[in-house]
Amino acid sequence: MQSIIIKITTLSNIIFAENSGDPNMVATKQFIPGSAILGLFASLYIQRLNLGKNGHKDERFVRWFLRDNLIFTNAYIKNSADSKLEPCYPLPLSIQKPKYADKENNKLLYDLLIKEVDPSIQTKTINGYGCLKNGSAFISNVKKQLNFHHERDLGTGTSREGRIFNYESICPGQVFTGKIIGGAEDIKNFLSLFPAGERILYVGRSRNAQYGKIKVEIIPQDSKEYQGDIEIIDSSFNGNEITMTLLSDTIIYNEYGYPTTDIRYLEKYLSDRLYDAITIKNSFTRTDDVETFRGIWRLKTPSEVCFTAGSCFVITSKKNLSGSALIEMQKSGIGERSGEGFGRVTFGLHKSRELQLFGTEDIIPQRPSDISEETKKLIKNIIKNILTTIVEQMAMREAAEFKRLPSKSLIGRLESLTKYMSKEEFLSYLSTENKEEKDSKKKILRKTAKRQLEACVNSRESLNYFLSNKNISVTNLIKMEEVSNFQFANILNETGININELESDYYYKLYFKTFFVYMRKLLKKELFREKEIK
């Protein structure tokens, strides 16, 4: 088998969507999936040969793009510590650092697959992509960005009023490298159809908007035999134990044709491939569900459970393992859908029990520096809608705490006053002394009404005191426990929105409107119950 290097430079933000758990957030993978690269060249092939919708009738198209005769690997971020086009790979899950390391030891890593550490040392996984070389781990970061967008109504094609969502995307100006692997004849024919050089193409989500522009460069390699994504072992290896590391997500089927992450089926798969009884002695694994988008279907593929990239194992056999057999697995990959980059594997990667860390871990996604006034308006509307719901719920909850409610007419009057008066006018009304001057035009709280408010109490205070001292402001609202999870303070700070723009007086009026409407309903129920008893 031989290989071609695919160098991809991002010219704009790009998105390869994955589930984030947030309905208002579209997260992105931090690499360019092999399925996307396969789709790119499949589309170019159809255009070049003018196949239209009949690609499945072309024998070479079927072999290259449907039957895995060509393997399109994931393109990972380029190793920043290497001037060549060497890619980084997902770091093995077993490589961890002390959770509470001091400044002197914050670069020390342990490979727990081959070394047990003192139980008193708590460790955590290193996230991101890197290269392991000569006792060192070189980390390279993928820079990402968050952008705000309108939520669109799919029926009308227009934006929905006051609704936005976030796009997380890979920033432009970054280099990713992957490979196309295949037999010598297939690679030769591929290069004759797609000669070396640069092409401007579009991938990922929202290609018709501002996303997805990339520069793709095809770089032929010499005709030497391809040995694997990471060349560590050679055909002379002849031991009965070795480490196996997954460089991409890997899908294994059980005997019924369903994906599984049961270690027993992985052992069975390896035993069948190596013609030997394989046992997994130790492992660090993580599982996930994987699904991709098929452009020809305009649909996602069915979700399949898989071992995630970075999972690693120590495998043993009764007989000595053959180095040439392991290299064949490195070439073709393991498991299902290998043509889309799944199942990339390497053997013998874990050698150093302790490693030195170079570089830093994941970078927090950047928010755009220039947020438009329209976007700020949408953000304010979203915050306003959430605070409105919380204020209404709080008003009903606190109204229900009061006993010996005032008369229906007094509750109705208070509701009307809070609707038309400002906060200052309403407080003044509550505190005005009862002069009962017939010619006075000033609204005053009469003695009989005040007595009702004093008689109405909750477990702490009278309704009169409660109304006079209740403070509803945006500053206080965003500090509430049920609001703090939304992190509105951080959002306002990052977007440059002044908290005074969120209309505190609006929430004050809303609170008491809801408070008195609900209290009137409670009084009606109370009177109805008393009537039934009589």
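Author: Let's start with a sorting rule: Ala, Val, Leu, Ile, Met, Phe, Trp, Tyr, Cys and Pro count as nonpolar, Asp, Glu, Lys and Arg as charged, and the others, Gly among them, as polar. You're looking at a predicted model, where local features need pLDDT of at least 70, side-chain atom pairs count only at pLDDT 80 or more, and totals for chains, interfaces and linings use all residues. Residues are numbered from 1 along each chain as its sequence is written, and side-chain values use heavy atoms, with hydrogens and water left out.

Reader: How much space lies in the second largest pocket?

Author: Rolling a probe the size of a water molecule over the atoms shows where empty space is left. A pocket is an open set of points, on a 1 Å grid over the protein atoms alone, where a 1.4 Å probe fits and protein lies on both sides within 12 Å along at least five of seven lines; lining residues have an atom within 4 Å of a point. Here the second largest pocket holds about 960 Å³, a volume filled by probe spheres set on points joined across faces, edges and corners. It has 44 lining residues, and Glu86, Gly228, Asp229, Ile230 and Glu231 are the closest to its centre. By our sorting rule, the lining splits into 16 nonpolar, 16 polar and 12 charged residues.

Reader: Which strand gives the most to that lining?

Author: Strands (E, at least two residues) and helices (H or I, at least four) are DSSP runs numbered from the N terminus. β10 gives the most, with 4 residues. At least two residues each come from β1 (2-10), β6 (89-90), β10 (129-133) and β14 (175-182). The whole protein has 14 helices and 27 strands.

Reader: In what order do the 4 strands of the open sheet come?

Author: Strands of a sheet pair through backbone hydrogen bonds, either parallel or antiparallel. We call two strands paired if DSSP finds at least two bridges between them. The order here is β20-β25-β17-β26, with antiparallel pairing. β20 (278-284) and β26 (345-347) are at the edges with a single partner strand each, so one side of each has no neighbour in the sheet. On average, neighbouring strands are turned by 25° against each other, direction ignored. Further in, β17 (241-246) and β25 (312-317) pair over 5 bridges, and Thr243 stands opposite Val314 in β25.

Reader: Which strands does helix α4 touch?

Author: Contact means heavy atoms within 4.5 Å. Angles run from 0 to 180 degrees between N-to-C directions, with axes fitted to C-alpha atoms, for helices over the stretch in contact. α4 (263-274) packs on the sheet against β17, β20 and β25, its direction making about 130° with that of β20. α5 (323-332) touches β17 and β26, at about 155° to β26.

Reader: At what angle do α7 and α8 pack?

Author: About 145°, with the axes of α7 (408-420) and α8 (423-431) 8 Å apart. Residues from α7, including Leu414 and Tyr420, meet Glu425, Phe426 and Tyr429 in α8. That contact contains 5 nonpolar, 1 polar and 2 charged residues.

Reader: Is Lys144 buried or exposed?

Author: Buried means under 20% relative accessible area, exposed over 50%, partly exposed in between (1.4 Å probe, protein chains only). Lys144 sits in β12 (144-152) and is buried because its relative accessible area is 11%. Its C-alpha atom is 8.4 Å from that of Asn13, although 131 residues separate them along the chain. Overall, 46% of the 534 residues are buried.
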